Amino acid sequence: MDTLTRMRAFIDVVEAEGFSAAARRTGRSKALLSKYVRELEDDLGALLLNRTTRQFSMTEAGHTYYRTAADILKEIDNLADLVRENNADLKGRLRISVPRTFIDADVGQSFIDFAKAHPDVQLEIVADDRFVDLIEENFDLAIRITRLEDSGLIAKKLADFRVHAVATPDVVAQYGPLTHPQQLNKVPFIIDTNSRWHNNIRFVDTDGSMISVAVSGPIEVNSPQATLRAARAGLGVAIIPDFVAMASIQSGELVNLFDEYITRERGIYAVYPHRRYLPAKVRSFVDFLANWFRQPR
């Protein structure tokens, strides 16, 4: 138990980036944390932290120890969660990486609904459009909207996902009839730079072959919501996620184009590192989202 206490103190100090910050975060005194870390270093026979009055850093041995120790403690905490899984009162912090596209859209309500249902779970939601390293950056899980590639992560599909090529009826009347994606090279296009393809849009032809269409237009923006506003303003054709564009399509404000040429090999996934003991709070959150998406809306 002494080793685990010292190990946890060391990790608290590293993650808080200093003894004073760790003391405030954990409620332990700075002197006690310093004592635990010093005892740990004595046991290991190695210096883990460089200590000066103005600077805090880990030694090479500290980096090595931290990576493994963090995994060990996470496994211990996960095992405790697993034992308590039948307890309806889920507790603790859940650190989640999620695309801005998701959290800013109506489907982001799923996170709010989970928080209401589980008030003792603190959600730390980090909105970021890049693919974070879950282990290195200490995330419990991530939501990813993509065609899932092979990886060392565990993934659960929450819902189907697709994009739509859309434009206002006025744009279609001005440049149409628009019947094939190749026509887009002569039509103003609103480019969402979050897209993997940027200004070369990929479609699938009726024979299964890939079509790549070079596009250009008046706006490039890394936001599906801004792309939607530009499309509704009649600035051109846009590719927009279904959960962002659907209301405007259903209202007739935007017209759906090239539907048969757009691949459906995408999904909304919850992904998390492979661990022997999956925390109950992660499992409950993923199951909640899967059920949320199955409900009619």
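A search of the whole structure finds 8 salt bridges, a salt bridge being a side-chain nitrogen of Lys or Arg within 4 Å of a carboxyl oxygen of Asp or Glu. The model is predicted, so local features need pLDDT of at least 70 and side-chain atom pairs count only at pLDDT 80 or more, while totals for chains, interfaces and linings use all residues. Residues are numbered from 1 along each chain as its sequence is written, and side-chain values use heavy atoms, with hydrogens and water left out.

Let me begin with Glu 39 and Arg 6, whose side chains form a salt bridge at 3.0 Å, N to O. Glu 39 belongs to helix α3 (residues 30-44) and Arg 6 to helix α1 (residues 2-16), so the pair ties together parts 33 residues apart in sequence. Helices (H or I, at least four residues) and strands (E, at least two) are DSSP runs, numbered from the N terminus. Arg 6 is buried, at 15% relative accessible area, whereas Glu 39 is partly exposed at 21%. Here buried means under 20% relative accessible area, exposed over 50%, and partly exposed in between (1.4 Å probe, protein chains only).

I turn next to Lys 156 and Asp 287, a salt bridge whose closest N and O atoms are 3.2 Å apart. Lys 156 lies in strand β6 (residues 153-160) and Asp 287 in helix α10 (residues 280-294), so this pair ties together parts 131 residues apart in sequence. Lys 156 is partly exposed, at 31% relative accessibility, and Asp 287 is partly exposed at 31%.

Finally, Asp 259 and Arg 162 meet in a salt bridge at 2.8 Å, N to O.
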